Amino acid sequence: MSPEEPFCGQTLLTIGTYYKRNISGYIDLPTCIIGLIFNILNLVIFTRKSMRSQINLVFANLSLVDLLTLLTLIPISWQHITERNVNVDGESSYGQALFFIACHDFMATFHFISAFLTVMLAIWRYIAVVHPFTGWPRCNMKTTRNVVAAVYITGILLNMPMYLSRDIFINRDNNTITYVPSFKRDSILFTTGFAIRGVLQYLLPSVLLPIFSFKLVVVLMTRKESQEQSTPSSNVQNYARKLNLKQQSDRSIIILLIVIVLFFITKVPSGILYLMSIIYDRTIHNRKCFFGLRAIFSTLTVINMSVTFVLYYTMSQNFRITFRSLFKKDDSSSLNEDM
């Protein structure tokens with residue numbers, strides 16, 4: 001590949017640039033608004049007294065992070081709609097450039113936190129199922145809160161190199177001055193920051209999540225087979241309990257598989273894109289590749305964040321009961337099981 005060629009190829013460069021300028025805002029903005037409503041509902045439901053548990057605490061924080069991510073993406077989507085002829089790198093006034101940088105850095109930090117909360121969710125579920133008596137008591141509410149707090153702090157600290165490598169490029173064209181959000185690309189902080197985002201924020205979670213999820217699915221499938229091979233009990237109550245456990249196992253397997261697929265679709269391509277942008281960041285064409293293709297992956301991520309309510313509602317009976325109770329005056333339901 002010559003230095004003048006875009007690393008994504010001319011076809012993908014054209015598609016990515018066109019999508020960012022003409023399409024992304026019209027898809028992202030309404031999806032963000034729908035996602036905001038759904039994640040507010042998620043947050044309300046998971047913080048209800050009847051739904052409090054270690055697993056649901058992680059779900060609540062995932063909903064909070066998704067909500068904040070969508071909130072920061074709304075002004076960016078609106079800008080793409082109102083300024084369709086804007087340069088793909090985001091030329092604007094100085095104030096707009098600062099706001100653009102702040103939104104993207106906040107969004108990147110929330111992405112990092114969301115990725116590791118998802119991994120934490122898989123680990124917590126694995127411990128709960130495999131070691132319910134020995135390991136699970138250690139993952140109590142206090143421990144869960146501490147780990148969640150550590151994920152937030154780590155997400156901010158590991159994104160510091162990107163914050164510090166930010167810059168605003170001044171573009172003078174005759175009597176017009178525009179400001180382009182950019183990076184100090186010759187800085188070690190820039191290379192370090194992009195490598196951290198590519199590896200730790202996208203690729204590492206994409207390895208850890210399938211490992212723990214696969215282990216959990218194997219355990220659930222093994223238990224399901226042993227329950228099916230066991231002799232049916234004449235006790236109606238015991239049989240109903242076994243049937244309920246089987247249904248819970250089926251739902252857990254399905255939801256984990258869906259989470260893995262969605263995670264791979266939204267995270268792995270972005271991680272590869274970040275690493276490619278470091279290796280081939282030589283020309284404006286490669287920068288347009290990065291910004292254009294990132295807009296496509298950003299839309300996939302927004303859709304992923306916006307459908308979680310439907311996923312939770314479909315897979316969890318407790319979630320459905322709690323959601324319905326929000327619209328009833330008598331909220332006397334007692335729900336003690338996790339999702």
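User: At what angle do α2 and helix α11 pack, and how far apart are their axes?

Analyst: Keep in mind that this is a predicted model. Start with the general idea. A packed pair of helices is described by an angle between the axes and a distance between them. Here, α2 packs against helix α11 (residues 317-325) at about 100°, and their axes are 10 Å apart. Angles of 65 to 115 degrees count as roughly perpendicular, so α2 and α11 are roughly perpendicular to each other.

User: Which residues of α2 and α11 make the contact?

Analyst: From α2 come L41, N42, I45 and F46. From α11 come F319, T322 and F323. By class, the contact of α2 with α11 has five nonpolar residues, two polar and no charged.

User: Now α2 and α3. At what angle do their axes cross?

Analyst: Helix α2 (residues 24-46) and helix α3 (residues 54-82) cross at roughly 155°, and their axes come within 8 Å. Over 145 degrees counts as roughly antiparallel, so α2 is roughly antiparallel to α3. The crossing of α2 with α3 is left-handed.

User: How do the residues of the contact of α2 with α3 divide by class?

Analyst: The α2 and α3 contact has 17 nonpolar residues, nine polar and two charged.

User: What are the angle and the axis distance for α4 and α5?

Analyst: Read them the same way. Helix α4 (residues 94-130) packs on helix α5 (residues 141-158) at about 150°, with the axes 9 Å apart. Because of that angle, α4 is roughly antiparallel to α5. The crossing of α4 and α5 is right-handed.

User: Which residues of α4 meet which residues of α5?

Analyst: On the α4 side, the residues are T109, F112, I113, F116, L117, M120 and W124. They meet T143, T144, V147, V148, V151, Y152, T154, G155, I156 and L158 in α5. The contact of α4 with α5 has twelve nonpolar residues, five polar and no charged.

User: Let's move on to spaces. How many cavities of 30 Å³ or more does the structure hold?

Analyst: The structure holds three. To read one, take its volume, then its lining, then the classes of the lining residues. The largest cavity has about 270 Å³ of space.

User: Which residues lie nearest the centre of the largest cavity?

Analyst: They are H104, M107, H111, R294 and S298, out of 25 lining residues. Helices α2, α3, α4, α7 (188-229), α8 and α9 each supply at least two residues of this lining. The largest share, six residues, comes from α9.

User: How does the lining of the largest cavity divide by class?

Analyst: The largest cavity is lined by nine nonpolar, ten polar and six charged residues.

User: And pockets? How much space lies in the second largest pocket?

Analyst: About 400 Å³ lies in the second largest pocket. Its lining has 25 residues, and T118, V259, N304, T308 and Y312 are the closest to its centre.

User: Which helices each supply at least two residues of the second largest pocket's lining?

Analyst: They are α3, α4, α8 (236-279), α9 (284-306) and α10 (308-315). The largest share of the pocket's lining is eight residues, from α8. By class, the second largest pocket's lining has 15 nonpolar residues, seven polar and three charged.

Notes: Residues are numbered from 1 along each chain as its sequence is written. This is a predicted model: local features need pLDDT of at least 70, side-chain atom pairs count only at pLDDT 80 or more; totals for chains, interfaces and linings use all residues. Side-chain values use heavy atoms; hydrogens and water are left out. Axes are lines fitted to C-alpha atoms, for helices over the stretch in contact, and angles run from 0 to 180 degrees between N-to-C directions. Helices (H or I, at least four residues) and strands (E, at least two) are DSSP runs, numbered from the N terminus. Angles under 35 degrees count as roughly parallel, over 145 as roughly antiparallel, 65 to 115 as roughly perpendicular and the rest as oblique. A crossing is left-handed if the near helix is turned anticlockwise from the far one by less than a right angle, and right-handed if clockwise. Contact means heavy atoms within 4.5 Å. Ala, Val, Leu, Ile, Met, Phe, Trp, Tyr, Cys and Pro count as nonpolar, Asp, Glu, Lys and Arg as charged, and the others, Gly among them, as polar. On a 1 Å grid over the protein atoms alone, a cavity is a set of points where a 1.4 Å probe fits but cannot get out, and a pocket is an open set with protein on both sides within 12 Å along at least five of seven lines; lining residues have an atom within 4 Å of a point. Grid points are joined across faces, edges and corners, and a volume is the space filled by probe spheres set on the points.
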